[in-house]
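This report describes selected features of one protein model. It is meant to be read beside the sequence and the coordinates.

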Amino acid sequence: MGRYEPFAKRHVRGCCAIAKVCSIEFRIHQENNSALGMDGLGRDRRSKGGMGMSDQTLRDGTIEAFLKLSSAIISDALDLAGVHGTIEGLKTQVQGLKMCGPAYTVRYTPASSALHRFADFMDDVPAGAVVAIDNGGRTDCSVWGDTLSLFASRHDFAGTIIDGVCRDIDGTRDLKYPMFSRGTYMRTGKGRIGVESTLEPIALSAITIRAGDLIFADDTGAVAIPRERIDEVLAFAEKIAKRDDAYAAAIKTGAAMADVWVAGAKA
């Protein structure tokens, strides 16, 4: 794991946060494909009477398996699966950390009717989830600061990704809390934007994210995997990682480049 190891250890406390992720259930609203509730902490979330619902759960070990990989390998796996899931323009603000977990989606809006709502969703985010925030790519005001990072860290969130900006980045870095965004900007969003919706489909860059879709990010970039394709993409990614290991082993023996490709093909 190299320099990523400290974060991995922080999220493996016996059978703690990563294990909890595997029990998070996302109730999918079949009409609009958005998750309306989670019971990963044994609590019923919001529901809509009369709506068809179905449950979906991550397999045990899925998060741990992805954390052994990289965004580059997962991007290649997405290509093999025919899925466009690379999130352009959102980069790490805390170097050396990996982030992986099911998305808890949030959309902000400048609409006056929403200005009274700001970060009021935090108590509803289950341990192990990635808070995925659509702020429309705005860079003139932030939606996240170190107070929210402290709360998220204390409650074992997997991290946060924002199509927009964050602030108080020094505090977030001190916490070693995974943060991905378009950048940083000091201006508060309070009184300028507010929460329009949670657990509804959002956009991160050009990628549609639904609650329960898997988000992975590292120093290279961020990717999203549709919840129904997670196992398929993981299988592709693990094969690619095995191939890359064969490349490395061949190079270390002094093989010519043509032989390196052959070694990978045989892996």
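The sections below cover the basis of the values, the salt bridges, the nonpolar core, the aromatic pairs and a few loop residues.

## Basis

This is a predicted model, in which local features need pLDDT of at least 70 and side-chain atom pairs count only at pLDDT 80 or more, while totals for chains, interfaces and linings use all residues. Residues are numbered from 1 along each chain as its sequence is written, and side-chain values use heavy atoms, with hydrogens and water left out.

## Salt bridges

The whole structure holds 10 salt bridges (a side-chain nitrogen of Lys or Arg within 4 Å of a carboxyl oxygen of Asp or Glu). Arg107, Asp134 and Glu196 are linked in a network of such bridges. Between Arg107 and Asp134 the closest N and O atoms are 3.9 Å apart. This pair links distant parts of the chain, with Arg107 in strand S6 and Asp134 in strand S7, 27 residues apart. Helices (H or I, at least four residues) and strands (E, at least two) are DSSP runs numbered from the N terminus.

Glu196 forms a salt bridge with Arg107 in which the closest N and O atoms are 3.7 Å apart. Here strand S12, with Glu196, is linked to strand S6, with Arg107, across 89 residues. Arg107 and Asp134 are buried, whereas Glu196 is partly exposed because its relative accessible area is 42% (buried means under 20%, exposed over 50%, partly exposed in between, with a 1.4 Å probe and protein chains only). A further salt bridge joins Asp120 and Arg117, with the closest N and O atoms 2.7 Å apart. Asp120 is partly exposed at 39%, as is Arg117 at 23%.

## Nonpolar core

The largest nonpolar core has 27 residues, and Tyr108, Phe121, Ile133 and Trp144 have the most contacts inside it. A core is a set of buried Ala, Val, Leu, Ile, Met, Phe, Trp, Tyr and Cys residues joined through side-chain atoms within 4.5 Å. Strand S6 (99-109), strand S7 (130-134) and helix H5 (146-154) each give two or more residues to this core. The largest share, 3 residues, comes from S6.

## Aromatic pairs

There are 5 aromatic pairs in the whole structure (ring centres of Phe, Tyr and Trp, the last by its six-membered ring, within 6.5 Å; planes under 30 degrees apart are stacked, over 60 edge-to-face, the rest tilted). One of them is the edge-to-face pair of Phe151 and Phe157, at 6.2 Å centre to centre and 75 degrees between the planes. Phe151 is partly exposed at 25%, and Phe157 is buried at 1%.

Tyr247 and Trp261 also form an edge-to-face pair, at 5.1 Å and 85 degrees. Tyr247 lies in helix H7 and Trp261 in helix H8 (residues 257-266), so the pair ties together parts that are 14 residues apart in sequence. Tyr247 is buried, with a relative accessible area of 19%, while Trp261 is partly exposed at 48%.

## Loop residues

Most residues other than glycine have a negative phi. Leu199 has a positive phi of about 60 degrees although it is not a glycine. The loop between strand S12 (194-198) and strand S13 (202-204) contains Leu199, which is buried at 2%. Lys176, also not a glycine, has a positive phi near 55 degrees. Lys176 sits in the loop between helix H6 (169-175) and strand S10 (179-181) and is partly exposed at 48%.
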